[in-house]
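Visitor: I would like to learn how to read the features of a protein model, one at a time. Could you take me through this one?

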Amino acid sequence: MIYQIYPRSFQDSNDDGVGDLAGVESRLDYLVELGIDAIWLSPMYPSPMADFGYDVADYCDVDPLFGDLAGFDRLLTAVHARGLRLLLDFVPNHSSDQHPWFVESRASRENPKRDWYLWRDPSPEGGPPNNWISDFGGSSWEWDETTGQYYLHAFLASQPDLNWRNPQVKEAMMQVLRFWLDRGVDGFRIDVLWHIIKAKGLPDNPINADWTPDVTQRDRLIQLHSTDQPESHGIAAEFRALADCYGDRVLIGEICLPNDRLSRWYGTPARPQVHLPFNFQLMEIAWDAAVLRRTIAAYEASLPSFGWPNWVMGSHDAPRLAARIGEAQARVAAMLLLTLRGTPTLYQGDEVGIGEVRIPPDRVRDPQDLRQPDLGIGRDRSRTPMPWDASAHAGFSTADPWLPLHEDWRVRNMAAQDRDASSLLSLYRSLLALRRSHETLAVGDLTLVDAAEDVLAYQRRQTDEHLLIALNLSSQIRPLTLPPDARVAEVLASTRPYRPLDGTLAPDEGLVLRLKESS
């Protein structure tokens with residue numbers, strides 16, 4: 001289990017309303033009790049924070065807002081002392097416009113670092129070089145008056161894209177990876193990896209005929225030439241070769257693509273790429289048993305024989321899980337996430353069911369929301385502070401937090417759920433403990449089985465253990481169907497309070513059953 005920490009919102013240790021590395025260190029025992037294996041830490045590098053750390057001004061240091069390198073080393077030591085692993089967010093596609101590399105690059109057309117970024121003359125008509133649209137809306141090109149050219153940015157204008165076709169850029173970024181691997185980090189989540197190379201010549205992207213105004217401006221085009229270029233896979237293979245030199249390290253790629261293209265990022269046995277191309281489908285599809293069944297089957301079928309699956313339910317970019325599907329089904333989702341084949345990733349706060357959070361207009365911080373306010377795509381609602389207890393500011397800080405807390409934080413917090421054996425937090429702990437004690441849930445085969453309407457069911461098998469997971473995605477009673485010639489030997493877990501089995505699934509009920517063959 002990988003647990004994503006958004007450092008700004010995890011725990012404040014110095015009373016400035018913003019979380020930091022010392023705050024993370026102070027809460028490590030909570031993570032051990034939860035039962036996770038690894039922490040993925042969102043960016044903590046020096047940054048002007050235009051995109052809250054994803055605009056990196058120095059890849060080999062820590063922003064004073066979060067601490068310093070000595071504090072990072074203490075955190076890493078503390079993580080390892082508890083048997084956990086620490087993964088960093090690596091942001092290779094773009095830097096901040098305040099990074100020294102870009103400051104040099106924009107100084108003049110003759111600067112040695114000019115080609116470290118993507119500069120182009122205006123089009124013959126006098127506008128941007130092509131029609132590419134930023135993920136945050138508007139053109140992907142920003143005019144630089146001083147040098148009389150445009151530079152490319154897939155995100156904010158203050159996040160210029162690096163030119164990965166320049167070997168000096170590649171070597172500089174490989175040195176960044178070595179810097180952190182030498183310090184002892186256990187791997188990286190690689191931000192927007194599929195963006196890293198652009199098509200030669202930078203041709204226009206095709207028009208998306210299916211676009212409607214209620215989705216992002218970016219989707220007016222099909223990102224055919226601005227993402228997922230063949231050369232990207234060679235770079236990913238080089239990342240993997242470097243990581244493998246350090247032994248047991250892991251690379252996770254943020255790659256938002258359909259199955260047939262996502263699976264290519266595993267590489268080949270002879271030339272592997274990332275260990276886990278992130279699979280975001282559970283965050284994107286309808287919460288429907290038939291849809292889930294088709295999605296799981298298609299994803300499993302798309303994996304190469306050597307590829308290991310993974311599942312993600314939430315992140316700092318997506319609406320909260322409980323806000324999407326409701327609190328009752330958030331319990332069912334917990335069971336799904338922790339009983340599917342593959343590596344699960346849990347986003348901080350989802351384990352207590354933080355739901356919809358209203359961000360007052362005067363407190364919106366997300367640049368994506370500020371640039372496209374009518375689309376309801378703001379990410380602040382997923383980045384609000386962790387609610388540790390019912391004390392002032394939920395125990396996150398003694399100061400007013402950088403974002404507001406969810407409205408029910410006084411009752412929905414870690415301390416309250418820690419005391420409640422029926423809480424969502426307790427369910428996550430019990431499911432993670434079950435996953436550790438039953439190897440079948442970690443590495444066993446998965447077979448989807450027929451089930452009643454609104455029920456998702458699948459078997460997990462490993463050697464002589466046979467488990468059935470049955471999930472009722474409705475608020476109605478549904479039949480519980482067992483495989484032929486099988487009987488229930490034991491109820492290993494339930495999303496609801498214990499009740500005798502009666503051949504049905506209660507509303508919003510999920511069960512993990514150990515089966516035996518009928519004699």
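**Contacts, rings and charges**

Guide: Among contacts (heavy atoms within 4.5 Å) in the protein between residues at least 6 apart in sequence, 68% join residues at least 24 apart. Please keep in mind that this is a predicted model, in which local features need pLDDT of at least 70 and side-chain atom pairs count only at pLDDT 80 or more, whereas totals for chains, interfaces and linings use all residues. Residues are numbered from 1 along each chain as its sequence is written, and side-chain values use heavy atoms, with hydrogens and water left out.

Visitor: How many helices and strands are there in the protein?

Guide: Helices (H or I, at least four residues) and strands (E, at least two) are taken as DSSP runs and numbered from the N terminus; the protein has 15 helices and 18 strands.

Visitor: What share of the residues is buried?

Guide: A residue is buried under 20% relative accessible area, exposed over 50% and partly exposed in between, with a 1.4 Å probe and protein chains only. Of the 519 residues in the protein, 59% are buried.

Visitor: How is a pair of aromatic rings described?

Guide: The distance of the centres and the angle of the planes describe such a pair. Rings of Phe, Tyr and Trp (its six-membered ring) pair if their centres lie within 6.5 Å, and planes under 30 degrees apart count as stacked, over 60 as edge-to-face and the rest as tilted. By this rule the count comes to 23 aromatic pairs. One of them is the tilted pair of phenylalanine 52 and tryptophan 402, with 5.2 Å from centre to centre and 50 degrees between the planes. This pair links distant parts of the chain, 350 residues apart, since phenylalanine 52 is in the loop between β2 (38-41) and α3 (69-81) and tryptophan 402 is in the loop between α12 (367-371) and α13 (414-418). Both phenylalanine 52 and tryptophan 402 are buried.

Visitor: Why is the pair of tryptophan 101 and tryptophan 116 edge-to-face?

Guide: The pair is edge-to-face because the planes of tryptophan 101 and tryptophan 116 stand at 65 degrees, with the ring centres 5.1 Å apart. Tryptophan 101 lies in helix α4 (residues 100-105) and tryptophan 116 in the loop between α4 and β4 (119-120), so the pair ties together parts that are 15 residues apart in sequence. Tryptophan 101 is buried at a relative accessible area of 15%, and tryptophan 116 is buried at 8%. Ring pairs also link both into a cluster with Tyr45, Tyr59, Phe72, Phe179 and Trp180.

Visitor: Which residue lies over the face of tryptophan 116?

Guide: A charge sits over a ring if NZ of Lys or CZ of Arg is within 6 Å of the ring centre and within 35 degrees of the ring normal. Lysine 113 lies over the face of tryptophan 116, at 4.7 Å from the ring centre, and arginine 27 lies over the face of tryptophan 388, at 4.0 Å.

Visitor: How many salt bridges does a search of the whole structure find?

Guide: A salt bridge is a side-chain nitrogen of Lys or Arg within 4 Å of a carboxyl oxygen of Asp or Glu, and the search finds 35. Among them, arginine 189 bridges to aspartate 89, with the closest N and O atoms 2.8 Å apart. Here arginine 189 in strand β7 (residues 187-190) and aspartate 89 in strand β3 (residues 85-90) are 100 residues apart, and both are buried.
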